[in-house]
Amino acid sequence: MSHSLLRQLPSVSQLLESQTGQALMTKFGQSLTTEAVRQVINQLREQILKSENGTRPDVSPEATLDKITAFLHQTTSPTLFPVINATGVVIHTNLGRATLSPAAQQAVQKAAAGYSNLEFDVPTGKRGSRSLHAQSLLQQVTGAQAAHVVNNTASAVLLMLSALCQGREVIISRGQLVEIGGGFRVPDVMKQSGVKLVEVGTTNRTHLRDYEQAINENTAAILVAHHSNFKIVGFTTEPSLQELSRLAHQHDIPLLYDQGSGCLIDTTPFGLEAEPTVQAGVLAGCDLLAFSGDKLLGGPQAGIMVGRSDLVEACRKHPLARAVRPDKLCLAALSATLLHFLKEEALREIPVWRMISMPLETVETRAQNWLSQCQTASFSASIIDGVSTVGGGTLPGTTIPTRLLALNTERVDDFATQLRLHPARVISRIQDDQILLDPRTVLPEQDQHLIKALLQVDNPA
Ligand SMILES: *Cc1c(COP(=O)(O)O)cnc(C)c1O
């Protein structure tokens with residue numbers, strides 16, 4: 001019996017020559033389509049052989065072509081796709097950190113769509129500098145003398161240590177020998193750049209005199225690394241940036257600062273603790289600072305270096321600079337994002353800041369709106385108090401009060417999985433056997449998709 005079914009399997013050429021087969025070839029190309037046809041036929045053959053008396057697969061040409069179409073759509077769909085971030089973590093590294101402002105998105109689109117003056121000086125018709133594009137904006141926004149952009153902060157730190165300190169000693173507090181996440185360990189990066197790490201102080205307390213005693217003729221710099229994703233509380237001390245810069249300058253060495261977050265705005269008006277700002281680091285006398293473009297700056301992935309012109313120039317000229325240079329899409333998005341700070345419209349235009357500064361009433365209104373659209377659902381939903389977090393290794397331990405849509409269902413884990421797998425790709429949070437959805441991090445234009453996902457997962461057709 002299985003043999004007769006095997007004989008009914010359509011042939012590769014029959015499927016490829018059919019009207020649907022031809023259309024698939026036009027759409028997906030000959031090679032992918034032929035491969036898909038072979039694979040689907042093989043799958044059917046195996047099914048027939050396995051299911052001696054069981055359910056028999058439909059081997060009609062129509063059904064087989066449907067399978068081939070589905071196979072092709074599946075194998076050619078991008079592995080990187082949009083998701084809805086309902087977790088309440090604003091800068092979620094696993095979900096791509098900052099989302100770009102409309103202006104930054106348009107800048108990317110323009111830079112992507114055609115040629116540009118990336119390294120071309122239009123007035124003279126000669127070669128220009130890629131490094132120029134975000135430079136003046138960064139100088140204006142941070143107050144630093146000079147700026148250079150690379151592809152992330154890890155490479156910015158690697159570059160600055162390689163260019164300025166190779167083969168010499170760099171002093172760092174034991175309290176700052178941290179792992180930032182995603183495998184960025186300050187001590188490893190230091191070793192990689194060929195500097196000798198000189199650890200001073202203890203995990204919780206490092207004094208100015210500890211640094212002072214470690215300085216010798218082979219010292220290249222003092223490095224300060226922002227703790228970022230953790231907090232040492234209790235009996236702790238660390239000298240201020242001002243004190244360290246005074247000490248460094250007395251000994252004629254630079255103070256390097258891995259600032260990390262790229263915060264340019266005072267965070268305290270939003271009920272958050274004070275995140276150190278880049279401008280404060282510059283004012284305190286840091287000679288070179290490094291920070292990310294896609295954390296509190298709210299732009300694309302980038303590593304930004306700002307500081308003294310001679311140091312920035314040394315980094316720019318180092319051979320590694322070429323290996324870690326940013327692409328034109330990054331520079332386009334970064335410039336557009338920086339302009340928002342200059343125009344003092346960051347809170348309104350930059351999604352990260354719009355989310356952080358979103359008033360509780362606005363969050364409440366959106367949660368109420370979601371709730372009212374879930375009246376027909378079989379789960380019971382309510383609105384509860386909760387907290388959002390900034391994330392991205394910034395402001396550890398501080399939270400923003402929020403209002404959450406809480407779903408009570410029998411099958412919390414399964415429901416959360418179904419939400420993730422739904423075409424809207426809703427990423428939620430599970431806490432106390434409830435599914436929690438935070439409107440703060442959901443883009444307003446995603447509200448309808450989120451509701452649709454909730455109702456469809458609740459009531460699969
Ligand atoms: C986030 C962070 C980094 C790593 O930044 P990337 O841009 O992800 O490479 C390094 N140092 C500090 C202090 C950070 O906060």
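The legends below describe salt bridges in a predicted model. Local features need pLDDT of at least 70, side-chain atom pairs count only at pLDDT 80 or more, and totals for chains, interfaces and linings use all residues. Residues are numbered from 1 along each chain as its sequence is written, and side-chain values use heavy atoms, with hydrogens and water left out.

**View 1. The salt bridge of D294 and R97.** The structure holds 17 salt bridges, each being a side-chain nitrogen of Lys or Arg within 4 Å of a carboxyl oxygen of Asp or Glu. In this pair, the closest N and O atoms are 3.0 Å apart. D294 lies in the loop between β10 (288-292) and β11 (303-307) and R97 in the loop between β2 (89-91) and α6 (102-113), so the bridge ties together parts 197 residues apart in sequence. Helices (H or I, at least four residues) and strands (E, at least two) are DSSP runs, numbered from the N terminus. D294 is buried, at 8% relative accessibility, whereas R97 is partly exposed, at 23%. Buried means under 20% relative accessible area, exposed over 50%, and partly exposed in between (1.4 Å probe, protein chains only).

**View 2. The salt bridge of E119 and R325.** The N to O distance is 3.5 Å. E119, in the loop between α6 and β3 (120-121), and R325, in the loop between α14 (320-323) and α15 (328-342), are 206 residues apart. R127 and R130 are linked with both residues in a network of salt bridges.

**View 3. The salt bridge of D385 and R403.** The closest N and O atoms are 2.8 Å apart. D385 is exposed, at 59% relative accessibility, while R403 is buried, at 17%.
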